Amino acid sequence: MAEPGLEVALAARTPIPLDLSFRVAPGELLALVGPSGAGKSTALRCVAGLHRAERGRVRCAGECWFDSEGGRNLPPHRRAAGLVFQDYALFPHMTAAQNLMAAMGHLPPGARAGRARELLARVHLAGLEDRRPAELSGGQQQRVAVARALARDPAVLLLDEPFSAVDRATRRRLQSELAGLRRSLSIPILLVTHDLDEALALADRMVLLHRGRALQEAPPFEMLARPASAEVARLLDLRNLFRARVEAHDAAAGLTRLRWGERLLEAAHAPHLAPGEEVDWLAPGAAVVLHRRGRPSVGERENPVEGRVVEMLPLGDEAQVTLDVADPDGHTLRFSLPLHAARRNGLAPGACCTVSLLREAIHAMPRRAA
Amino acid sequence: MDWTAFLLSVELGLATLTLLMPLSVWLGRVLAYRRFPGRGFVEAGVALPLVLPPTVVGFYLLVAFGAHSPLGELWQRLFGHGLAFSFEGLLFASVIVNLPFAVQPVQNAFAAIPPRVREAGAVSGMPPWRVLWRIELPLAWPGIATAAVLTFAHTLGEFGVVLMVGGSIPGETQTIAIAIYDRVQAFDDRAAGVMSAVLLAVSVLALGLTNTFSRRVGRQRADG
């Protein structure tokens, strides 16, 4: 039966190893994130038909584009995919409008100019139809590239690091434009990015890739709060990752006790972890609450941890504090708080303080065999 | 001024272009985009006329045109006369010796098109022939024009190979370059001087026009 959306399963050993599968529903934006060389762009090129995986399947809007078992592999021009390249790859000898019209082979010639004007207006480029790419700024070129990708009325929109070639201010503006544009699109959108913030800002779900393998698939904020493994946490550049052993579960109280060095911690209930199992656990910055000096604080008895300030970095209105918490592996605990709060509580290198680690936010995960 | 020889040279130049340009666009594009075993040797073969003495190229062409060679025999059977010392033979030789002048600029022009731009054509829904027509040829155009001008100018000036395979038959194989040599041998310095000046002027004009043209196209691409 015709399945709406995009369905991808890819496997390959060379030249870039791939082993992943994902689906993107119509109107949904899925981000493929991961370090350089993780295989994100290759996966995207496989969807567009610019690269052929050894094995796998690509189906879009009920149509089979690639099926290694059935021996089917449609060439790129027969796959209704709009692709925005990292460097835009505009046709340098054509004007903005001609760039779009070149992608409108499916429309009668008479209808193309009007449709090109309409699409360019939609990406805020009205009046620049007759400019060549070299006469446009980086941000304008990116908008032409997005409009050209939409010009063939694609069944899926593919974005390959579309914001990496512009400055920060332009990037933010383009990202918010894209967020607006996608509300009017009812096709699946696949975004490849190495920029986690970009995925957070735009994606409904994200897939974290490493060496061609999908390590986790989840909504962005969920992945940040509950990474599937320490490897995921490291790739997401999450701080406050420690090791512990599962002591016991307390289903009635909805918590799991962890033995962390000399300390006993209460963490969110994680019944899938066996008592005695070595685990990694994560305390997101938001889970660290500083105890006020001399006055009792709310939640003071929740996982109190004493530490000594190693470093305090003022970052604008915030202070980033690094605590030595006598972790057996020597890892430090890092959190941020308003600068004035840090000053009022006398936080400075060498000072001692106590923090609470909020039970519900402590996330324990199984150790991966290295 | 020997107009017969001059016109013969022009005719040879135009005929060479007609045969060679489609071949070079095809071969230059294949060499620019395809990876296949033996590619290095094909490129070497194309460049060979640049480094071999014209007499050596001419000698092998003469052998290939000979009545006992398969090509010479076939030609004799089809057209009733041999290839050596004929205009057709000269044209054949001209195509061979001009290969590097035609293929290399075309190959470089195709290779200079960013791969992503060609891929963008494909993901914009263009079938390969349309990508060639709408994207590749317009972008490679300055290189193709350069190849054509170089080929034409080089054909007018080719001497050694022409002498070897064509001899010097007025109206049939005596090109302007040969006619100049002929005039010098006959101590007719005036005629040799005039013809040399014409050849010089044509070459300077051709090269000047190509350079101006490709620079203008380059500027258009850069800033519109």
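Ground rules first. This is a predicted model, where local features need pLDDT of at least 70 and side-chain atom pairs count only at pLDDT 80 or more, while totals for chains, interfaces and linings use all residues. Residues are numbered from 1 along each chain as its sequence is written, with chains lettered from A and ligands numbered from 1 in the order written.

Back to the pair. I have H7 at residues 115-123 of chain B and H8 at residues 128-157 of chain B, packed at about 140° with axes 10 Å apart. That angle makes H7(B) oblique to H8(B) (under 35 degrees is roughly parallel, over 145 roughly antiparallel, 65 to 115 roughly perpendicular, the rest oblique).

Who touches whom? From H7(B) I noted Val117(B), Arg118(B), Gly121(B) and Ala122(B), and from H8(B) Val131(B), Arg134(B), Ile135(B) and Glu136(B); contact is C-beta atoms, placed from the backbone, within 7 Å.

Then the whole of chain B. I find 11 helices and 0 strands (DSSP runs, H or I of at least four residues for helices, E of at least two for strands). Its C-alpha atoms fill a box of roughly 65 × 40 × 30 Å along the principal axes. Among contacts in chain B between residues at least 6 apart in sequence, I get 73% joining residues at least 24 apart.

Terms used:
Axes are lines fitted to C-alpha atoms, for helices over the stretch in contact, and angles run from 0 to 180 degrees between N-to-C directions. Two residues are in contact if their C-beta atoms, placed from the backbone, lie within 7 Å.
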